[in-house]
Amino acid sequence: MMSINIPSYRQAFMLMLKRDLTIALRHKDDIFNPLLFFIIVVTLFPLGIGPEASTLSRIAPGIIWVAALLATLLSLDRLFKADFADGSLEQMMLIPQPLFIIVLAKIIAHWLITGLPLIFIAPVLAVLLHLNENSYGALMITLLIGTPVLSFIGAIGVALTVGIKKGGVLLSLIVLPLYIPVLIFATSAIDTAAMNLPYSGQVAIIGALFFTSFTLAPFAVSAALKVSTN
Amino acid sequence: MQFSSFAEFIDMGGYGFYVWLSFGMATLLLVLLVMNSLVSNKQVKQRIAKQQARQEKLKRAAKQQAQLSQSS
Amino acid sequence: MWKWLHPYANPEITYHFTGKLTPWFTWLSIILLAIGLTWALLFAPADYQQGESFRIFYIHVPAAILSMSIYVGMAIAAFSGLVWQLKLADASAAALAPVGAVFTAIALITGAAWGKPMWGTWWIWDARLTSELILLFLYLGVIALHNAFEDKALAGKAAGILAIVGVINIPIIKYSVEWWNTLHQGATVSKFGKPAMSADMYWPFLFCFFGFAFFVAAVTCLRFKTEILSRNSMRPWVKALVKEEIK
């Protein structure tokens with residue numbers, strides 16, 4: 001090799017992660033808008049269903065998780081859109097490191113920006129919905145392992161639709177059905193915890209989904225980006 | 001033959017509505033699918049034919065232009 | 001084997017080969033369905049529990065089986081298209097998606113119409129119906145994505161990736177829905193399990209199943225031909241062919 005210094009995989013990963021986080025911190029509304037959306041959606045349910053504590057605590061896990069799905073979906077757009085629009089995405093695809101690394105860094109940055117805040121705000125909303133006291137641990141754990149899965153699967157959808165002008169609705173049509181397993185196991189873990197039963201089985205399955213999507217999704221995203229930037 | 005009369009056949013032992021709804025909807029959807037496939041096949045062919053006609057026209061026009069410029 | 005398969009990567013050869021197959025599939029489908037449906041409606045015995053409503057079975061089950069197999073077939077086609085860069089495989093996946101969606105819809109509608117007399121309600125969040133509904137969503141996603149691209153070659157690739165992601169998800173979704181279902185409503189549905197079929201029910205079922213299967217084959221061939229034409233519209237053979245057909 002010539003004197004050009006090619007960064008190692010780890011360096012490339014960190015560089016990408018730092019870049020995306022810096023950009024996100026400059027546009028703070030990217031972080032706050034999905035969060036606000038999450039809070040508003042959750043508050044709509046008691047208004048629509050009625051304020052009875054027993055009903056609310058019964059459906060609280062479902063509401064919080066569905067709202068989390070929708071908030072993630074809303075924030076997904078910014079994962080590749082800006083980079084695609086100004087052409088930097090195509091530049092990223094030319095660098096010598098495998099696209100897998102770049103994609104992984106971008107998805108993790110996206111999760112840190114949008115997934116992590118949801119986890120911090122979720123317990124407060126759970127209080128509003130009278131979630132069963134035993135369930136808080138399960139809620140936090142499922143959100144902690146589950147929201148990255150949402151980011152990983154969602155990234156595939158974004159990568160496929162990034163080149164399409166009206167991709168927003170299409171994105172939800174593509175991605176939401178794939179979110180169903182996470183939703184089922186997460187809410188069931190929270191429900192089980194409310195009954196004071198062990199919920200490690202569900203958490204283990206979400207963990208399995210996490211590692212599967214962690215290893216496979218970046219490949220699908222890379223392939224999809226190659227199609228989209230064609 | 002399971003049915004002794006036509007009316008009995010239509011009635012399907014009281015389940016007539018559901019049975020005929022299923023068969024009717026299935027037929028309708030399949031017919032729509034076939035029609036859509038046939039129509040889109042025809043449309044694609046027409047589109048290609050139109051494209052071709054336009055190209056030939058352009059070619060002819062170009063040739064004429066070339067002849068005109070040569071003769072002048 | 002590759003040598004034998006190789007000519008079929010040529011769109012022109014495949015187009016004419018498909019054209020030759022189509023009438024066979026069409027006639028086989030018409031004959032089998034005519035026999036099977038007449039048999040199913042008129043001669044097959046009524047189920048001792050479900051009575052005449054059991055005749056819905058002869059559409060519902062073939063449609064449900066086909067809806068899932070078409071998705072898998074589509075994903076296999078998409079996968080080979082992606083790995084070996086076969087444009088025709090992408091085209092066949094694109095041709096299969098709407099057919100699969102229609103069969104999924106038929107399975108859902110007949111399932112609901114069967115459920116009303118059996119369960120007393122049109123819709124029940126039964127594991128099989130729910131996963132069929134999600135399958136419909138997956139199909140619609142693939143079709144919508146395919147339609148969203150102007151360039152059909154790109155559309156085929158993008159929809160192919162989605163189909164592959166979907167097929168990895170199908171077992172997970174199916175398993176999770178089944179598990180969710182048993183958790184939430186116990187074994188109330190199990191009495192609606194597979195009925196023990198006697199031979200005079202089995203034969204009409206086989207006729208119907210293969211009739212629908214050949215129907216799928218015939219329609220897919222037609223749509224496949226359309227896809228080939230629209231993707232190769234600038235080739236001389238396509239131009240000659242269209243010129244001959246549209247005078």
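# Close-up views of a predicted three-chain model

**View 1. The contact of chain C with chain B.** In this predicted model, 45 residues of chain C are in contact with 35 residues of chain B. About 3500 Å² is buried between chain C and chain B, and carbon and sulfur atoms give 76% of that area. In chain C, the residues that lose the most area to chain B are C:Leu41, C:Leu42 and C:Glu52, which together make up 15% of what that side buries. Salt bridges across the interface of chain C and chain B number 0, whereas 4 residue pairs are in polar contact there, with both residues at pLDDT 80 or more.

**View 2. Helices of chain C on the side that touches chain B.** At least two residues each are supplied to this side of chain C by α2 (11–43), α4 (87–119), α7 (199–231) and α8 (236–245) of chain C. Of the elements on the side of chain C that touches chain B, α4(C) gives the most, with 12 residues. By residue class, the side of chain C that touches chain B divides into 30 nonpolar, 7 polar and 8 charged residues.

**View 3. The contact of chain C with chain A.** Between chain C and chain A, about 2100 Å² is buried, with 87% given by carbon and sulfur atoms. In chain C, C:Leu154, C:Ile161 and C:Trp179 lose the most area to chain A, together 21% of what that side buries. Two helices of chain C, α5 (127–148) and α6 (152–185), each supply at least two residues of the side of chain C that touches chain A. The largest share of that side, 16 residues, comes from α6(C). The residues on the side of chain C that touches chain A comprise 20 nonpolar, 4 polar and 1 charged.

View 4. An unreviewed UniProt entry places the feature "transmembrane region" at residues 21–44, 56–83, 95–115, 127–146, 158–177 and 201–224 of chain C. Residues 21–44 of chain C are 96% helix and 0% strand in the model, and the end C-alpha atoms of this span are 32 Å apart. Residues 56–83 of chain C are likewise 96% helix and 0% strand, with end C-alpha atoms that lie 41 Å apart.

**View 5. A salt-bridge network in chain A.** The structure holds 5 salt bridges over all chains. A network of salt bridges links A:Arg19, A:Asp20, A:Asp83 and A:Lys106. Side chains of opposite charge can pair when their charged atoms come close. A:Asp83 forms a salt bridge with A:Arg19, and the closest N and O atoms of this pair are 3.0 Å apart. Because A:Asp83 lies in helix α4 (residues 81–85) of chain A and A:Arg19 in helix α1 (residues 9–26) of chain A, the pair ties together parts that are 64 residues apart in sequence. A:Asp83 is buried, with a relative accessible area of 8%, whereas A:Arg19 is partly exposed at 28% relative accessibility.

**View 6. The pair A:Asp83 and A:Lys106.** A:Asp83 also forms a salt bridge with A:Lys106, with the closest N and O atoms 2.3 Å apart. A:Lys106 lies in helix α6 (residues 99–128) of chain A and A:Asp83 in helix α4 of chain A, so this pair ties together parts that are 23 residues apart in sequence. A:Lys106 counts as buried, because its relative accessibility is 2% and the cut-off for buried is under 20%.

View 7. The side chains of C:Glu227 and C:Arg231 meet in a salt bridge, at 3.1 Å from N to O. C:Glu227 and C:Arg231 are 4 residues apart in helix α7 of chain C, and therefore about one helical turn separates them. At 16% relative accessibility, C:Glu227 is classed as buried, whereas C:Arg231, at 23%, is classed as partly exposed.

How values were computed. Residues numbered from 1 in each chain as written. Chains lettered and ligands numbered in written order. Predicted model: local features only at pLDDT ≥ 70, side-chain atom pairs only at ≥ 80, totals over all residues. Heavy atoms only, no water. Contact = heavy atoms within 4.5 Å. Buried area = accessible area lost by both parts, 1.4 Å probe. Salt bridge = Lys/Arg side-chain N within 4 Å of Asp/Glu carboxyl O. Polar contact = N/O pair within 3.5 Å; in protein donor to acceptor, adjacent residues only side chain to side chain. Nonpolar A, V, L, I, M, F, W, Y, C, P; charged D, E, K, R; others polar. UniProt positions renumbered as here; feature names shortened; annotations may be inferred. Buried < 20%, exposed > 50% of the residue type's maximum accessible area, 1.4 Å probe, protein only.
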